Amino acid sequence: MYFLESGLVRSFYLKQGKEVTSWFMPAGHFVISILSFFSRQPSHEYLQTLAECRLWSLTHAQVQRLYQQFPEFNFIGRVLTERYYVLSEQRALDLRMLPAAERYARLLRDFPDLAQQIPLHMLASHLGITPETLSRLRARRS
């Protein structure tokens, strides 16, 4: 588990040999493969820094010790887990329910600086569309 003090990280997985972007995390957020970290299993996701980063890390054992030694950390851990679970569920719902234009508009609303920092093909992958479709959406918004 990492806390991203500065920089930008993306998570992706491989599907039929192609990279599919799961999420982006800007500075001020935690970076983690939740399934891998808590199940103690190898991850199917890859983490990639997209800018120079300053990260602070905690191992699974360190997190467990914090939970044991500091009961208030249990509360913090629960709140953070809820926060990132909600983000994950919202992304899954958006991909299933919203048209591409609305997914793009929501990304711009929620993370306005990201669109300028991330290569087009990665943004398109994250939105579940082709780079050509994303180019058309960007052109309509200009």
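Hi everyone, let me start with helix 3, which gives the most to the lining of the largest pocket, with nine residues. Helices here are DSSP runs of H or I with at least four residues, strands are runs of E with at least two, and both are numbered from the N terminus.

Before going on, a word on the source. This is a predicted model, where local features need pLDDT of at least 70 and side-chain atom pairs count only at pLDDT 80 or more, while totals for chains, interfaces and linings use all residues. Residues are numbered from 1 along each chain as its sequence is written, and side-chain values use heavy atoms, with hydrogens and water left out.

Back to the pocket. Rolling a probe the size of a water molecule over the atoms shows where empty space is left. On a 1 Å grid over the protein atoms alone, a cavity is a set of points where a 1.4 Å probe fits but cannot get out, whereas a pocket is an open set with protein on both sides within 12 Å along at least five of seven lines; lining residues have an atom within 4 Å of a point. Grid points are joined across faces, edges and corners, and the volume is the space filled by probe spheres set on the points.

The largest pocket has a volume of about 910 Å³. It is lined by 31 residues, and the closest to its centre are Ser 22, Trp 23, Leu 87, Ser 88 and Arg 91. Two or more lining residues come from each of strand 3 (18–26), helix 1 (34–39), helix 3 (71–97), helix 4 (100–110) and helix 6 (120–127). By class, the lining has 17 nonpolar, eight polar and six charged residues. Nonpolar means Ala, Val, Leu, Ile, Met, Phe, Trp, Tyr, Cys and Pro, charged means Asp, Glu, Lys and Arg, and the others, Gly among them, are polar.

Now for helix 4. Which of its residues are buried? They are Ala 100, Arg 103, Tyr 104, Leu 107 and Leu 108. Buried means under 20% relative accessible area, exposed over 50%, and partly exposed in between, with a 1.4 Å probe and protein chains only. Seen down the axis, these buried residues fall within an arc of 135 degrees, so they line one face of helix 4; the arc is that of the directions from the helix axis to the C-beta atoms. They pack against helix 3, helix 5 (114–117), helix 6 and helix 7 (131–141), where contact means heavy atoms within 4.5 Å.

Next, aromatic rings. Rings of Phe, Tyr and Trp (its six-membered ring) pair if their centres lie within 6.5 Å; planes under 30 degrees apart count as stacked, over 60 as edge-to-face and the rest as tilted. By this rule there are four aromatic pairs. In one of them, Phe 3 and Phe 30 have ring centres 5.3 Å apart and planes at 65 degrees, so the pair is edge-to-face. Phe 3 lies in strand 1 (residues 2–6) and Phe 30 in strand 4 (residues 29–31), so the pair ties together parts that are 27 residues apart in sequence. Phe 3 is partly exposed at 29% relative accessibility, and Phe 30 is partly exposed at 22%.

Finally, Gln 16 has a positive phi of about 50 degrees although it is not a glycine. Gln 16 sits in the loop between strand 2 (8–15) and strand 3, and at 79% relative accessibility it counts as exposed.
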